[in-house]
Amino acid sequence: MTSPHTSDTADTIGLQSASTGGTDANESPVSVYESVMMTSRRLTTALKRGIIAPVAKHHFATDRGYPVTQELPDHTESYQFRSHDFEALVRPDERQVCNEMYDGRVITPSMLLRNPSVAATLLERAETLWESTFGTHQPARTQTDHPGPFPFQEISPAAVANSFETQYNTICESQSLAVAIKAIREEMVSIVADLFETSESELHTPGGTDLSALAHADSLTVPYSDDSIAVLCPITTGIQSNTPTRGVIIGCDDTPVGLFAHVTDVTALDPTQETTHTAIRDAMGFDRELDPYVDHDRLDAVPGERIRLQGDLRVERTDDLDGFPKEIARTTRRRENRRLIDEYLESTTLPAEHIWGQNDSITINTTLTTTVSETGGVILEPVTADRDLELLSYVELLLALDHGPGVVYTEYDDVPYIRNPRRPGELAGTQRLSVAIETAREEASRSLEALLETQREDIEATARDRASDARVGIDIPKQVNLPVDNHLTFIEAGYAPAVETEPVPVAVPSETTLHIVHDEHNTVTVQVSPGVYRFSLLPRGLQPPVDRPTWPSP
């Protein structure tokens, strides 16, 4: 049986090997990361096993009157150790010391590395704790129960702090994708947060940052990486293939951080396959990009080519300047049709008394979504898996509409395929319910189309006005300010309709200048040729099946 406060050989492995060498100027960022992480891990292990564990066990034995190693007939209550700003939990039944903390911080390799001043103070306080617990070690005297000199007496706390600070700054300033990938794979969340200048909470919170898409993955693969860009593909046990999956593209850019993260759709990307640099660009939504470190005089956009201009801002050009007014008319019809349908869905409610477990009425736009065409065609689709609720939504629309098939329905008894709104599908089995849903969907869609038809004259008038505005705007171009996120973008002479959705189309009748200003990117000022330019942000997150990236192999 060992002494209650003497660590065995395994506990002291690595105490003196927790060295703190300097950084070689020719050493790669990955080598620096691996070296300092190895040192920090050894130091953490040595602190826990060689200092905190024996001290906590000694306090346990003093307070309880028996050593941790003594076997008792019943389970022994855990012991919370606290002294000199150190804390730990002693679990006698497992002969284990865990949850080691200093000054309210969990002692981990990344904590020591990111807080060099804390690491220095911790080592100094650890020596005080050691001597306060066991007394001053006197080599010339026999001290039977003394574990020996303080394990780190040959290590300078200041040297440790200086080394950690220097090497960690080297890592963070390296803007190395290889380092970022290693830190992400090793789940060094705090280090990843520093590399991308975000917070740990945002990395864990869905939608908090693009990198949060990787938060709950069991593992990661890297189907492609080079010095400038990489794609990370999450693997989650139990998830079937073709399940909509978000991955993350990381790369280097001209921001002060030097790194970016962009969440993307990797549903079609097999985690075991390789892919290409071109495939990553296509997934992000561009074919080429302006080098932010080069002064470009002209945009030189080929028709149909998608160009990344700055950060997540892109543009696509066409040559159809003469057809621009007609395009504006088509877009206006589609937008007006969609606006009217959305307004109607938002104003039509499902009574709470007809919905199981619901205390408040809900609007139908929470159960149904629509696709509306330029000509007024309407397709209704459910966003609920509850088929009874889906059927009830269609029926409520029919009862509320005074157009098309809905004109003959005023109450539930008028609808042949529903009687009790609390149990819409109770009259028949699954096949009958399916038929009722398809019939109701078709009738509700036709009724909405009939509603749009009553507004056709106004919609056409609006479309003609917008097309006329476009023709005048092309003839008399003005400065166009583009409302695309936080990029201050403007074209000196052109025309753009007043739109609130992307892409934002701009007609440029003659050569002019494009300016893009952003407080985190280099300014872009380029000449653009005549044509139609559509500005938008790069697509993010999951995409509809028809728009998903294909991720070809090399």
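Is Arg-338 buried, partly exposed or exposed? Select Arg-338 and have a look: its relative accessible area is 33%, so Arg-338 counts as partly exposed. Keep in mind that this is a predicted model.

The side chains of Arg-338 and Asp-342 form a salt bridge, with N to O at 2.9 Å. In general, side chains of opposite charge can pair when their charged atoms come close.

Next stop: a salt bridge between helices. Pick Arg-441 and Glu-390, whose side chains meet at 3.9 Å, N to O. This pair links distant parts of the chain, with Arg-441 in helix 12 (residues 430–454) and Glu-390 in helix 11 (residues 387–400), 51 residues apart. Buried or exposed? Both Arg-441 and Glu-390 are buried.

While charged pairs are on screen, select Glu-34, Arg-41, Lys-182 and Glu-186 together: salt bridges with shared partners join them into one network. The structure holds 32 salt bridges.

One more of these is worth a click. Select Asp-287 and Arg-306, which form a salt bridge of 2.9 Å, N to O. Asp-287 is in the loop between helix 9 (277–284) and strand 9 (288–289), while Arg-306 belongs to strand 10, so the pair ties together parts 19 residues apart in sequence. The two ends have their own accessibility values: Asp-287 is partly exposed at 37%, and Arg-306 is buried with a relative accessible area of 17%.

From strand 10, step into the loop that joins strand 10 (306–310) to strand 11 (313–318), and pick Asp-312 there. Its relative accessibility is 16%, so Asp-312 counts as buried. What does the side chain of Asp-312 make a polar contact with? The partner is the side chain of Arg-540, at 3.4 Å. Show the surroundings as well: setting aside residues up to four places away in sequence, Asp-312 touches Asp-485, His-487, Ser-536, Leu-537, Leu-538 and Arg-540.

Time to zoom out. Colour the chain by domain: domain 1 covers 29–139 + 146–172, and domain 2 covers 196–284. Their C-alpha centres are 36 Å apart.

For a helix pair, select helix 2 (residues 29–64) and helix 5 (residues 157–173). They pack at an angle of about 145 degrees, and their axes are 10 Å apart. Helix 2 passes helix 5 in a left-handed crossing.

Last stop: Thr-221, in strand 5 (residues 219–225). Its relative accessible area is 17%, so Thr-221 is buried. Look for the backbone oxygen of Pro-271, which lies 3.1 Å from a polar atom of the Thr-221 side chain. Leaving out neighbours within four places in sequence, the contacts of Thr-221 are Arg-185, Val-231, Leu-232, Cys-233, Ile-235 and, again, Pro-271.

Terms used:
Residues are numbered from 1 along each chain as its sequence is written. This is a predicted model: local features need pLDDT of at least 70, side-chain atom pairs count only at pLDDT 80 or more; totals for chains, interfaces and linings use all residues. Side-chain values use heavy atoms; hydrogens and water are left out. Domain bounds come from an automatic or database domain assignment. Helices (H or I, at least four residues) and strands (E, at least two) are DSSP runs, numbered from the N terminus. Buried means under 20% relative accessible area, exposed over 50%, partly exposed in between (1.4 Å probe, protein chains only). A polar contact is a pair of N or O atoms within 3.5 Å; within protein, one must be able to donate a hydrogen and the other to accept it, and residues adjacent in sequence count only if both atoms are side-chain atoms. Contact means heavy atoms within 4.5 Å. A salt bridge is a side-chain nitrogen of Lys or Arg within 4 Å of a carboxyl oxygen of Asp or Glu. Axes are lines fitted to C-alpha atoms, for helices over the stretch in contact, and angles run from 0 to 180 degrees between N-to-C directions. A crossing is left-handed if the near helix is turned anticlockwise from the far one by less than a right angle, and right-handed if clockwise.
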